[in-house]
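Have a look at the fold below, then read on.

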Amino acid sequence: MTEIKLSLNAQIPGGPQITASQALELESYKYFDITLDKTQDKEEITLSKVGELNLLLIKATSTLAKDSLSKLSYKIGDAGTFVGLDAPLFLLGTWVSSLAQNDLKISFKLEPKPTSDSKDSVKVEILTGWQEAS
């Protein structure tokens with residue numbers, strides 16, 4: 001078993017604040033990162049199912065222009081369309097397993113493709129947590 005500590009803090013200055021923290025016991029986790037740039041503007045990853053998906057966190061960081069994240073999009077699985085990823089994506093709970101009935105496939109792309117003289121790149125970090133299948 002692996003323990004992942006999660007915390008969230010949302011605060012409005014002079015207004016309400018909501019905090020949540022939790023230790024999540026998982027059977028296993030997978031972490032990796034990819035970089036998209038002018039030489040590789042698309043990436044598809046497939047994770048073999050190792051139980052029930054219970055946590056999916058995707059965070060993107062741009063090395064240059066503040067608007068370069070607006071060029072990044074993702075999709076989960078084969079169906080559907082690409083959706084912009086301009087903020088971290090955090091999915092938690094037993095319902096997340098519905099995203100990975102078999103293997104989990106996530107596709108990323110930068111569009112429009114960076115020009116040949118661009119030094120812009122986007123690093124994408126992905127963390128998944130898996131429970132034992134019930």
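Predicted model: local features only at pLDDT ≥ 70, side-chain atom pairs only at ≥ 80, totals over all residues.

Four strands make up an open sheet, running β4-β9-β6-β7 with antiparallel pairing. The edge positions go to β4 and β7 (83-84), and each has a single partner strand, so one side of each has no neighbour in the sheet. At the β7 end, β6 and β7 are joined antiparallel over 2 bridges, and S73 sits opposite G84 in β7.

There's another open sheet of 4 strands, also antiparallel, in the order β3-β10-β5-β8. Here β3 and β8 are the edge strands; each pairs with a single strand, so one of its sides is left without a neighbour in the sheet. From one strand to the next, the twist averages 10°. Inside this sheet, β5 and β10 run antiparallel and are joined by 10 bridges.

| β4-β9-β6-β7 | antiparallel | β4 and β7 |

Now for the packing. Nonpolar side chains in soluble globular proteins tend to be buried together. In this model the largest nonpolar core has 24 residues, and those with the most contacts inside it are I58, L72, L85, I106, F108, V124 and I126. The elements giving two or more residues to this core are β3 (28-36), β4 (42-47), β5 (52-62), β6 (72-76), β8 (89-92), β9 (104-110) and β10 (122-131). Apart from that one lies another core, this one of 6 residues, including I4, L6, L24 and L55.

What does I126 touch, leaving out residues up to four places away in sequence? The list is K30, Y31, F32, I45, L56, L57, I58, I106 and F108.

N54 is a polar name to check in strand β5. Is N54 buried or exposed? Its relative accessibility is 7%, so N54 counts as buried. Skipping residues up to four places away in sequence, N54 touches L24, L26, L91, L92, G93, T94, V96, G129 and Q131.

Last, the rings. How many aromatic pairs does a search of the whole structure find? The search comes back with 0. There is a charge over a ring, though: the charged end of K109 sits over the ring of F82, 4.3 Å from its centre.

Notes:
Residues numbered from 1 in each chain as written. Heavy atoms only, no water. Core = buried A, V, L, I, M, F, W, Y, C linked by side-chain atoms within 4.5 Å. Buried < 20%, exposed > 50% of the residue type's maximum accessible area, 1.4 Å probe, protein only. Contact = heavy atoms within 4.5 Å. Pairing = 2+ DSSP bridges. Axes fitted to C-alpha atoms, helices over the stretch in contact; angles between N-to-C directions. Phe/Tyr/Trp six-rings, centres within 6.5 Å; stacked < 30°, edge-to-face > 60°. Lys NZ or Arg CZ within 6 Å of the ring centre and 35° of its normal.
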